[in-house]
Amino acid sequence: LHYYTDMIKTVRYYYDIRNFDELGNYINNTLFPINREIKDSVLKSDNLLKIKGIKSNMIRGLLYSKLLLLQNEDGIQTTFDLSAPITRLFMPELELYKVLSIVTDNAVEELKSIPIGKRLELDAHLFISVFAQKQQTTFKIINTINIYRTEKKKGHGVGLNHVKEILDAYNTELKITPSQHTYEVEFILKE
């Protein structure tokens with residue numbers, strides 16, 4: 001993930017020098033080297049059609065990129081479910097972006113760490129579910145393969161602590177439910 005920072009700095013550089021042609025080339029040829037066949041399959045995806053119900057461009061873009069990443073990964077299925085359009089976030093957009101980014105990155109990294117054959121055998125699946133109601137929105141991220149490791153290397157495990165700090169600031173509980181076969185993360189944003 002550290003290379004994302006460098007990519008953003010490169011985008012910023014092209015923007016700062018007002019070289020929009022090179023910026024476009026960098027985005028199209030380096031950041032998004034997607035061939036036409038993959039683009040066509042992405043546009044037809046039910047997951048990505050549902051994402052349009054999220055009115056925040058920032059949140060929609062984040063979830064789009066996570067689902068797109070996994071959609072093209074062998075042996076991993078994805079499902080995105082949205083109960084109703086999301087027009088209110090109940091917390092600042094950037095804070096929700098950070099929370100969703102960390103939680104989905106954890107799930108994506110876990111799924112991608114499993115060899116392809118094992119993913120197929122275990123039916124690897126990432127579910128992202130958003131249940132929107134008038135006065136609250138529930139987010140659930142479920143990874144169907146739980147090989148959650150409690151031993152962390154130095155510098156790891158910081159992400160979930162940061163998520164907890166952000167959610168605590170908005171009186172929101174982070175619920176983590178590991179089971180034999182799944183690893184579920186849930187939080188409910190309220191008015």
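Colleague: Is Asn171 buried or exposed?

Modeller: Asn171 is exposed, with a relative accessible area of 76%. Keep in mind that this is a predicted model.

Colleague: And where is Asn171?

Modeller: Asn171 sits in the loop between α8 and β4, and β4 covers 174-178. Asn171 also has a positive phi of about 50 degrees, although it is not a glycine.

Colleague: What about Arg18, what is its phi?

Modeller: Arg18 has a positive phi of about 60 degrees, and it is not a glycine either. Arg18 is in the loop between α1 (2-16) and α2 (20-31).

Colleague: How accessible is Arg18?

Modeller: Arg18 is partly exposed, at a relative accessible area of 49%.

Colleague: OK, zooming out. How many helices and strands are in the protein chain?

Modeller: The protein chain has 8 helices and 5 strands. Starting at the N terminus, the order is α-α-α-α-α-β-α-α-β-β-α-β-β.

Colleague: How much of the chain counts as buried?

Modeller: Of its 191 residues, 36% count as buried. The protein chain exposes about 11,900 Å², and carbon and sulfur atoms supply 52% of that.

Colleague: And what share of the contacts comes from residues 24 or more positions apart?

Modeller: Those account for 68% of the contacts in the protein chain with a separation of 6 or more.

Colleague: Let's do helix packing. At what angle do α6 and α8 cross?

Modeller: Roughly 150 degrees, with the axes of α6 (residues 93-112) and α8 (residues 158-169) coming within 10 Å. Therefore α6 is roughly antiparallel to α8. The crossing of α6 past α8 is left-handed.

Colleague: Which residues make the contact?

Modeller: From α6 you have Glu95, Lys98, Val99, Ile102, Val103 and Asn106, and from α8 Gly159, Leu160, His162, Val163, Ile166 and Leu167. Sorted by class, the contact of α6 with α8 has 7 nonpolar, 3 polar and 2 charged residues.

Colleague: How far apart are the C-alpha atoms of Asn106 and Leu160?

Modeller: They are separated by 8.9 Å, with the two residues 54 apart along the chain.

Colleague: What about α5 and α6, what is the crossing angle there?

Modeller: The axes of α5 (residues 57-71) and α6 cross at roughly 5 degrees and come within 10 Å. So α5 is roughly parallel to α6.

Colleague: Which α5 and α6 residues make that contact?

Modeller: From α5, they include Met58, Ile59, Leu62, Leu63, Lys66 and Leu69. On the α6 side, Leu94, Tyr97, Leu100, Thr104, Val108 and Leu111 are among them. The residues of the contact of α5 with α6 divide into 12 nonpolar, 3 polar and 4 charged.

Colleague: Last one, Glu184. Where is Glu184 found?

Modeller: Glu184 is in strand β5, which runs over residues 183-190.

Colleague: Is Glu184 buried or exposed?

Modeller: Glu184 is buried, because its relative accessible area is 18% and the cut-off for buried is under 20%.

Colleague: Which residues does Glu184 touch?

Modeller: Leaving out residues up to four places away in sequence, Glu184 touches Lys140, Ile141, Ile142, Lys175, Ile176 and Thr177.

Conventions
Residues numbered from 1 in each chain as written. Predicted model: local features only at pLDDT ≥ 70, side-chain atom pairs only at ≥ 80, totals over all residues. Heavy atoms only, no water. Axes fitted to C-alpha atoms, helices over the stretch in contact; angles between N-to-C directions. Helix = DSSP H or I, 4+ residues; strand = E, 2+ residues; numbered from the N terminus. Parallel < 35°, antiparallel > 145°, perpendicular 65-115°, else oblique. Left-handed = near helix turned anticlockwise from the far one by under 90°. Contact = heavy atoms within 4.5 Å. Nonpolar A, V, L, I, M, F, W, Y, C, P; charged D, E, K, R; others polar. Buried < 20%, exposed > 50% of the residue type's maximum accessible area, 1.4 Å probe, protein only. Areas by Shrake-Rupley, 256 points an atom, 1.4 Å probe, with all protein chains shown as cover.
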